[in-house]
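Biologist: Hi! Could you walk me through this protein, starting with a term I'll need for the strands?
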Amino acid sequence: MSISSIRGNQNLYRNQNLHTNRNLQKNYQQLASGKKVNSAADNAAGLAIIQKLMAQSNGYEVGGRNAASSQDMVNVAEGGLSNISDSLQRMRELSIQASNTAIYGGDERGAIQQEINQLKGYISDAAKNTQFNNMNLLDGSKGTAHVASSPDGGGMDISMPNAALATLGIADYDVTGDFDISAIDEALSKVSSARSGLGAAYNRLGHNMNYNAYATQNLTASQSRLEDLDYAKGISDMKKNSLLNEYQTMMQKKMMNDNGMVMRLLKF
């Protein structure tokens with residue numbers, strides 16, 4: 001056996017041992033993280049797919065939270081409209097009462113109008129002060145609210161109502177002179193229609209939330225199959241590489257001892 005052959009064998013064993021050590025280090029990393037793909041070197045194509053699945057899953061989760069927050073906003077707006085509707089119902093009762101000229105004269109209608117004015121003031125305050133996250137919901141300034149319930153930022157639009165007195169057509173409503181109760185009926189119809197629209201939007205948001213949760217679950221499952229470590233297999237691979245490392249180290253030491261004896265004989 002020549003000296004070059006001895007050195008070639010030593011390099012071969014050394015490289016094999018380094019390869020086994022890298023595999024063993026990879027095993028420890030996988031067991032510590034719980035993932036079989038920790039870098040592009042582990043699975044380049046798999047990592048790209050994992051990142052796409054994660055982006056979609058995160059997008060659906062955020063979209064679901066956006067939909068839930070928007071449901072809260074819709075509830076606040078609908079609650080404000082409910083109170084406005086109650087005020088309009090009371091105004092209608094008072095208007096029918098004021099229409100009974102058989103027993104109510106100008107003074108009585110003036111007293112009725114005072115209560116109507118208070119109710120109009122309450123409707124105006126509700127339209128101006130019904131807020132969510134410091135944004136007015138019922139004065140017409142909100143317009144269309146976009147809900148980013150999709151993972152790409154898309155989603156649905158909600159038309160927020162305008163419950164201002166002028167929009168309802170009752171800003172100048174007065175029962176002390178000639179008046180038409182149909183103005184109150186029209187205002188009630190507008191408020192009821194707005195409440196129906198908000199109710200439909202609330203239900204649609206609920207469907208979006210359910211779908212987002214379902215999509216997130218399936219995307220996460222797909223990501224898990226690609227990324228998560230099978231601990232039983234991971235431990236088995238670690239033990240195999242550990243035993244292989246011990247065997248290679250032992251054989252390398254034996255080879256070095258044997259080669260040392262050969263080298264001494266060749267020199268002799």
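This is a predicted model: local features need pLDDT of at least 70, side-chain atom pairs count only at pLDDT 80 or more; totals for chains, interfaces and linings use all residues.

Biologist: Okay, how many bridges join β3 to strand β4, then?
Modeller: Four bridges join β3, residues 144-147, to β4, residues 156-159. The two strands run antiparallel.

Biologist: And which residue of β4 does T144 stand opposite?
Modeller: T144 has S159 of β4 opposite it.

Biologist: Where do the side chains of β3 point?
Modeller: They alternate along the strand.

Biologist: Let me step back a bit. How many helices and strands does the protein have?
Modeller: There are six helices and four strands. Along the sequence they follow the pattern α-α-α-β-β-β-β-α-α-α.

Biologist: What percentage of the residues count as buried?
Modeller: Of the protein's 268 residues, 32% count as buried. If you take the contacts with a separation of 6 or more, 74% of them are accounted for by residues 24 or more positions apart.

Biologist: Now the helices. How is a packed pair described?
Modeller: Two packed helices are described by the angle between their axes and the distance between those axes.

Biologist: So at what angle do the axes of α2 and α3 cross?
Modeller: At roughly 165°, and the axes come within 10 Å. Helix α2 covers residues 44-99, and helix α3 covers residues 106-129. Angles over 145 degrees count as roughly antiparallel, so α2 is roughly antiparallel to α3.

Biologist: Is that crossing left-handed or right-handed?
Modeller: The crossing of α2 and α3 is left-handed.

Biologist: Which residues make the contact?
Modeller: On the α2 side, they include I84, L88, M91 and L94. On the α3 side, I112, I116, L119 and I123 are among them. The residues of this contact divide into 12 nonpolar, four polar and four charged.

Biologist: Changing topic: where is N203 found?
Modeller: N203 is in helix α5, which spans residues 182-227. N203 counts as partly exposed because its relative accessibility is 48%.

Biologist: How far apart are the C-alpha atoms of N203 and Q71?
Modeller: They are separated by 8.7 Å, although N203 and Q71 are 132 residues apart along the chain.

Biologist: What about N218? In which helix does it lie?
Modeller: N218 lies in α5. With 37% relative accessibility, N218 counts as partly exposed. N218 and S57 are 161 residues apart in sequence, and their C-alpha atoms are 8.7 Å apart in space.

Biologist: One more spot: where is the place of N133?
Modeller: N133 is in the loop between β1 (131-132) and β2 (135-136). N134 is found in the loop between β1 and β2 too.

Biologist: What is phi of N133?
Modeller: Phi of N133 is near 55°, which is a positive value in a residue other than glycine. N134 isn't a glycine either, and it has a positive phi of about 65°.

Biologist: Is N134 buried or exposed?
Modeller: N134 is exposed, with a relative accessible area of 70%. N133 is exposed as well, with 60%. The cut-off for exposed is over 50% relative accessible area.

Biologist: Great, thanks for the tour!
Modeller: You're welcome!

Key: Residues are numbered from 1 along each chain as its sequence is written. Side-chain values use heavy atoms; hydrogens and water are left out. Axes are lines fitted to C-alpha atoms, for helices over the stretch in contact, and angles run from 0 to 180 degrees between N-to-C directions. Angles under 35 degrees count as roughly parallel, over 145 as roughly antiparallel, 65 to 115 as roughly perpendicular and the rest as oblique. A crossing is left-handed if the near helix is turned anticlockwise from the far one by less than a right angle, and right-handed if clockwise. Contact means heavy atoms within 4.5 Å. Ala, Val, Leu, Ile, Met, Phe, Trp, Tyr, Cys and Pro count as nonpolar, Asp, Glu, Lys and Arg as charged, and the others, Gly among them, as polar. Buried means under 20% relative accessible area, exposed over 50%, partly exposed in between (1.4 Å probe, protein chains only). Two strands pair if DSSP finds at least two bridges between them.
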